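Please look at the sequence and the model shown here, and follow the text through the packing of its helices and strands.

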Amino acid sequence: MTDRALRLGTRRSKLAMAQSGQVAEAVRQVTGRPVELVEITTYGDTSREQLAQIGGTGVFVVALREALLRGDVDFAVHSLKDLPTTPHPGLTLAAVPLREDPRDVLVARDGLTFAELPDGARVGTGSPRRMSQLNAYARSHGMRIQTVPIRGNIDTRVGYVHNGELDAVVLAAAGLNRIGRASEVTDFLAVDMVLPAPGQGALAVECAASDADLAAALAELDDSFTRVAVTAERSLLAALEAGCSAPVGALADLLADGQIANEMRLRGVVGNPDGSALVQLSTTGPVPETEDQALALGRELAAEMLAKGAAGLMGERAL
């Protein structure tokens, strides 16, 4: 390996720059080489359309992957939940570092928790998955809320609360943690209430499949449990044939017997947008030791969910 700086491709948002900066520092430590951030604008950053309308899957990823394949950058960092579930033939997922908090959180006016929101509260989110589960939870607890579709970065979304346009917004805990704004959270939403997006809170470090030396160095950042957990979650998503814009939630976590984690539980949910119908199931098995075992766990749960009518809740599939 030479000592020339490694070029890390990243989106330009404050969050993307923060998480790429953290990976860059880790890569410097394992390789001893300088790392420079190369900012790349993606279609998802420039389009003002709702994510569900522009296709969801991959809109933040394509430009980064093209830069990798052209050799403009050496590796790229993505939020794993933005990554299409189909592997890219020329690229390798070299590392999935230790996952941040996967939960969704509420940022509400006056420090309110979800249970304290006023009748008819306006709650902003760009995610059909969050809308579906929030509406279902509110209905089952005798609450009335109005979910409002929003887009934009964290500043924009939190701004809707500060300027009084919305009573609350729902965001990923991981994003607020990574940019040092966790203090603004007014409520952590339990995963029993809102299952996160598959892969939420995890990062994906990708490089060219042909660069074996770099892939091996980046693999030092990999967290083996995070990888099998997100592999199972994304396998569920892929088997439901659902893109990122579909209202699918999934979370794999460890069940420990004392200090030893001996089982993994995978939970999945699919709902229609107003939350009036949900299919929510879970499965538990030994902690997967291989990628194939993790993939199988996701596929098995997806098959059970489809048998319970999940497909009919996901709306029209784009062909």
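Which residues in H8 meet which residues in H9? In this predicted model, Val228, Thr231, Ala232, Ser235, Leu236 and Ala239 are the residues of H8 that take part, and on the side of H9 their partners are Glu291, Ala294, Leu295, Leu297, Gly298, Arg299, Leu301, Ala302, Met305 and Leu306. Sorted by class, this contact of H8 with H9 comprises eleven nonpolar, three polar and two charged residues.

As for the geometry of the pair, the axes of H8 and H9 come within 7 Å and cross at roughly 40 degrees, which means that H8 is oblique to H9. The crossing of the two helices, H8 and H9, is right-handed.

Leu236 deserves a separate look: once its neighbours within four places in sequence are left aside, Leu236 is in contact with Gly249, Ala250, Arg267, Gly268, Gly298, Leu301, Ala302 and Met305.

Val270, finally, has its place in strand S12, where its relative accessible area is 0%, so Val270 counts as buried. Although Val270 and Leu240 are 30 residues apart along the chain, their C-alpha atoms are separated by 9.3 Å.

Key
Residues numbered from 1 in each chain as written. Predicted model: local features only at pLDDT ≥ 70, side-chain atom pairs only at ≥ 80, totals over all residues. Heavy atoms only, no water. Contact = heavy atoms within 4.5 Å. Axes fitted to C-alpha atoms, helices over the stretch in contact; angles between N-to-C directions. Helix = DSSP H or I, 4+ residues; strand = E, 2+ residues; numbered from the N terminus. Parallel < 35°, antiparallel > 145°, perpendicular 65-115°, else oblique. Left-handed = near helix turned anticlockwise from the far one by under 90°. Nonpolar A, V, L, I, M, F, W, Y, C, P; charged D, E, K, R; others polar. Buried < 20%, exposed > 50% of the residue type's maximum accessible area, 1.4 Å probe, protein only.
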